[in-house]
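Please keep the sequence and the model in view while reading.

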Amino acid sequence: MSVRRWVWCGRCERCHEVALSREPATVDGVAETPWDLRDDIAPQLRTDASGKVRCHYDDCDGAMPDLWWWSDYRDTDRTAPEAPEPGTVYTMYA
Ligand SMILES: [Zn+2]
């Protein structure tokens, strides 16, 4: 787990950092998403009472498919910082 990446949760719109075993690749011209690297990421998230993988933040019921790379979020908001503040809400439509 040598690669560190920020991910953004589309449900609570907050970020946290995850460790990956490799850089996300581009396969057939399509960049891998956090979902493609879920085997690395899911164990670093929370598991709720029913055993489902949930967002890093306790009060959020987001799940793996809600996660974006922070770099992809930044493509939608050029004013977003390179390194986000954990716990800060970064809205999609500010
Ligand atoms: Zn969340």
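Two strands are said to pair if DSSP finds at least two bridges between them, and both helices (H or I, at least four residues) and strands (E, at least two) are DSSP runs numbered from the N terminus. With those terms in place, C9 stands opposite L67 in strand 7. This is a predicted model, in which local features need pLDDT of at least 70, side-chain atom pairs count only at pLDDT 80 or more, and totals for chains, interfaces and linings use all residues. Residues are numbered from 1 along each chain as its sequence is written.

**Overall fold**
- The secondary structure of the protein chain comprises two helices and seven strands, and their pattern along the sequence reads β-β-β-β-α-β-β-β-α.
- The radius of gyration, taken over C-alpha atoms, is 13 Å, close to the 12 Å that the globule rule (2.2 Å times the number of residues to the power 0.38) gives for 94 residues, so the protein chain is as compact as a globular protein of that length.
- Along the principal axes, the C-alpha atoms of the protein chain fill a box of roughly 35 × 30 × 20 Å.

- Three strands form an open sheet with the order 2-1-7 and antiparallel pairing, in which strand 2 and strand 7 are the edge strands, each pairing on one side only.
- Strand 1 pairs with strand 2 in the antiparallel sense over six bridges, and in strand 2 the bridge partner of W8 is C15.
- A hairpin is formed by strand 1 and strand 2 with five residues between them, and E13 in the turn has a positive phi of about 60°.
- Strand 1 and strand 7 also pair in the antiparallel sense, over three bridges, and in strand 7 the bridge partner of V7 is W69.

**The largest nonpolar core**
- A nonpolar core is a set of buried Ala, Val, Leu, Ile, Met, Phe, Trp, Tyr and Cys residues joined through C-beta atoms within 7 Å, where buried means that 20 or more other C-beta atoms lie within 10 Å of a residue's own, with C-beta atoms placed from the backbone.
- The largest such core has 12 residues in all, among them V7, W8, C9, C15 and L67.
- Strand 1 (3-9), strand 2 (15-20) and strand 7 (67-69) are the elements that give two or more residues to this core, and strand 1 gives the most, with three residues.
- Leaving aside neighbours within four places in sequence, L67 is in contact (C-beta atoms, placed from the backbone, within 7 Å) with V7, C9 and P34.

Key: Contact = placed C-beta atoms within 7 Å.
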